[in-house]
Amino acid sequence: MTIWKQATQGDDSEIPVILPLKQRAVVVNEILRKRLDTILPMAMRETGFDMWLVLCQEDDLDPVFKTLIPEDVTFKILSILVFYDRGEGKGVERINISGTGSHDLYDRPYTGQVEEVQWPLLMKIIEERDPKRIGINTGSIQWAAGGLTHNLYEQLVEKLPVKYVERLQSAEPLVTRWVATLTDEEVELYDYVAHIGHCLIAETYCRRAIIPGVTTADDLHWYFWQRCSDLGLEVNSRPGFRLVRSDAMKEKYGEDDQIIRQGDFVRCDVGINYLRLITDQKAWAYIRRPGEDDAPEGMRKLLKEGHRLQAIFMSEFKLGLTGNELLENILVRARREGVPGPRVYSHSIGHFLHEPGPLIGLPWEQECCPGRGDVKLEHNYSFTMELATSGPVPEWGGQVFGMHLEEEVVFKKDGCHLLDGRMTEFHLI
C-alpha cells in the first residue's frame, strides 16, 4: 500500500492524515517518474515534436517546469531541460543542463551554474541530435504554455544556428497534452485529494465555526484558510465565502450586512493544492430558523435540478469533442429536458487551477470560447463540473435564486466520473 493510501485509513467524516513533507516528496516523485516514462513520450509523439526545450531562471520559473522537476530540489540560476524523442521503442531522452537537482530522473552532463558553459553545451546537444521540430514554451492561448521569457527567448535565438531557429515552434499542444493528462495512479490519488477538500468544507460548515448572529462571511474565509495552514496545506487561491439571503432579509438588515443569520445561505468557492493536485469546490450551507429541520423546499428543488444538469454534463462527454462542442451539447439537451436556467462554465483542473485542457464555457460566454474552447477532450482529463441552474423560490416571494455548484470530475475510458462524490444535500447549521 502506498504512503498516501495508508493515510486514508479511518473515519470518512474526518480529515485524513496529511502527510509530512518528506513523505509527500516520495509520493510526488514516484508519480513524476511514471509521468515522464509514459505521458511525456505519448505527448511528444502525438503532437509531432522530436525535441522540447524548457528554459527558466530561479526566481521566474516556467509553470510547466515545476511539473517536470522533483519536489525536493533547489532551483539554480539558469535551468535548461532538454527532451529528445529517439523514436518508438527507444524512449525520450531527458537531459538537465543546470545546477537544479533532478535526482535520477534526468541525465546531467553538467551540474554547475555557469551560463557560459550551459549555453554551448545546449547547442552541442541540439546539433548532435539534429531535431526537425523543436518545441519552446511560447504559447499564445494557454497561459501555462507561455512560460519562456522574452529575455531567454532572445538568448536562445541569438545562440542557435539559423537552421535550428527556423525549426522552433510553440510547444502549446505538447504542453496541453502533458499537463492535462493524468496517469491512472493520479486519478486514484485525486479522489483522495478531493475528499480532503470536502472534509474541510464540512468542518467549516459547523457550529464550531459559525455562530448565527455573530460570525461573518469574512470570518469563514479566514477560518478555512487558517485550518488549511494548520494542516500544512496550500489553498488554491483566496478562499471565498458568500452570504446569500432573501430580499426581505436584505431590507431588514441592510445591503452591507455580512453577519450570518438564521434563514441565510452561505456558498463557498474554495480549494487546496496537495500532492501537486488542485481542488476547486463549491458547496452550500443553510442556517436554520427555529423549528426548521431543513432548507426551504424551493431551494431543495433547485438543488435537484442542479443534480439533473450535472448528470447531463457528465453523460455528454465524448472522446475528441472540443470544449465548445461539449458546451453546446450540454446546454441544448438541458434546455430540451426542461432544466431551469442552465449555465455551464467548466474548466480543466489538476496540475493547474484553470488550464490547459478544453474550456467548457465561461460565466459571461455561453456560446463559444475561441481558442481555449477548441481544445479536444482526451481520456484522463479532469475538470471542475462548474455550472448553475436558476429559478424562483416560493418561500422567498418568488425571488430568483441561482444554484451554483462545482465538483471535480475525470473523463476515463468508461465515461465521466465524479471525484469523491458531490453535495447531495445542504450543510445544515
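Biologist: What is the handedness of the crossing of helix 10 and helix 11?

Modeller: The crossing is right-handed. Bear in mind that this is a predicted model.

Biologist: How do I describe such a pair in numbers?

Modeller: Two packed helices are described by the angle between their axes and the distance between the axes. Here helix 10 covers residues 297-315 and helix 11 covers residues 323-336. Their axes cross at roughly 140 degrees and come within 9 Å.

Biologist: Why are helix 10 and helix 11 called oblique to each other?

Modeller: Angles over 145 degrees count as roughly antiparallel, and 65 to 115 as roughly perpendicular. The crossing angle is roughly 140 degrees. Helix 10 and helix 11 are therefore oblique to each other.

Biologist: Which residues in helix 10 and helix 11 meet?

Modeller: Helix 10 brings Leu309, Ile312, Phe313 and Ser315. They meet Ile330, Arg333 and Ala334 in helix 11. By class, this contact has five nonpolar residues, one polar and one charged.

Biologist: Now helix 3 and helix 4. At what angle do they pack?

Modeller: The angle is about 60 degrees, with the axes 10 Å apart. Helix 3 spans residues 115-129, and helix 4 spans residues 150-159. Angles under 35 degrees count as roughly parallel, and 65 to 115 as roughly perpendicular. Helix 3 and helix 4 are therefore oblique to each other. Helix 3 passes helix 4 in a right-handed crossing.

Biologist: And which residues in helix 3 and helix 4 meet?

Modeller: On the helix 3 side, they are Glu115, Trp119, Leu122 and Met123. On the helix 4 side, they are Leu152, Gln155, Leu156 and Lys159. The classes in this contact are five nonpolar, one polar and two charged residues.

Biologist: Next, empty space. How is it found?

Modeller: Rolling a probe the size of a water molecule over the atoms shows where empty space is left.

Biologist: How much space lies in the largest pocket?

Modeller: About 660 Å³. It is lined by 24 residues, and the closest to its centre are Lys66, Glu71, Glu234, Asn273 and Arg276. Helix 2 (21-47) and strand 10 (272-274) are the elements that give two or more residues to this lining. Helix 2 gives the most, with four residues.

Biologist: How do the residues of that pocket lining divide?

Modeller: The lining of the largest pocket has 14 nonpolar, four polar and six charged residues.

Biologist: How many cavities of 30 Å³ or more does the structure hold?

Modeller: Two. The largest cavity has a volume of about 100 Å³.

Biologist: What lines the largest cavity?

Modeller: Its lining is Val28, Ile31, Leu32, Arg35, Thr67, Glu186, Leu275, Arg276, Leu277 and His351. Helix 2 supplies the largest share, four residues. By class, the lining of the largest cavity has five nonpolar, two polar and three charged residues. Arg276 lines this cavity and is also among the residues closest to the centre of the largest pocket.

Biologist: And which residues line the second largest cavity?

Modeller: Val179, Ala180, Leu182, Ser348, Ile349, Gly350, His351, Glu355, Pro356, Tyr381 and Ser382. The elements giving two or more residues to this lining are helix 6 (172-180) and strand 14 (381-393). Its residues divide into six nonpolar, four polar and one charged.

Note on methods: Residues numbered from 1 in each chain as written. Predicted model: local features only at pLDDT ≥ 70, side-chain atom pairs only at ≥ 80, totals over all residues. Heavy atoms only, no water. Axes fitted to C-alpha atoms, helices over the stretch in contact; angles between N-to-C directions. Left-handed = near helix turned anticlockwise from the far one by under 90°. Contact = heavy atoms within 4.5 Å. Nonpolar A, V, L, I, M, F, W, Y, C, P; charged D, E, K, R; others polar. 1 Å grid on protein atoms, 1.4 Å probe; cavity = no way out; pocket = protein on both sides within 12 Å on 5 of 7 lines; lining within 4 Å. Points joined across faces, edges and corners; volume = space filled by probe spheres on them.
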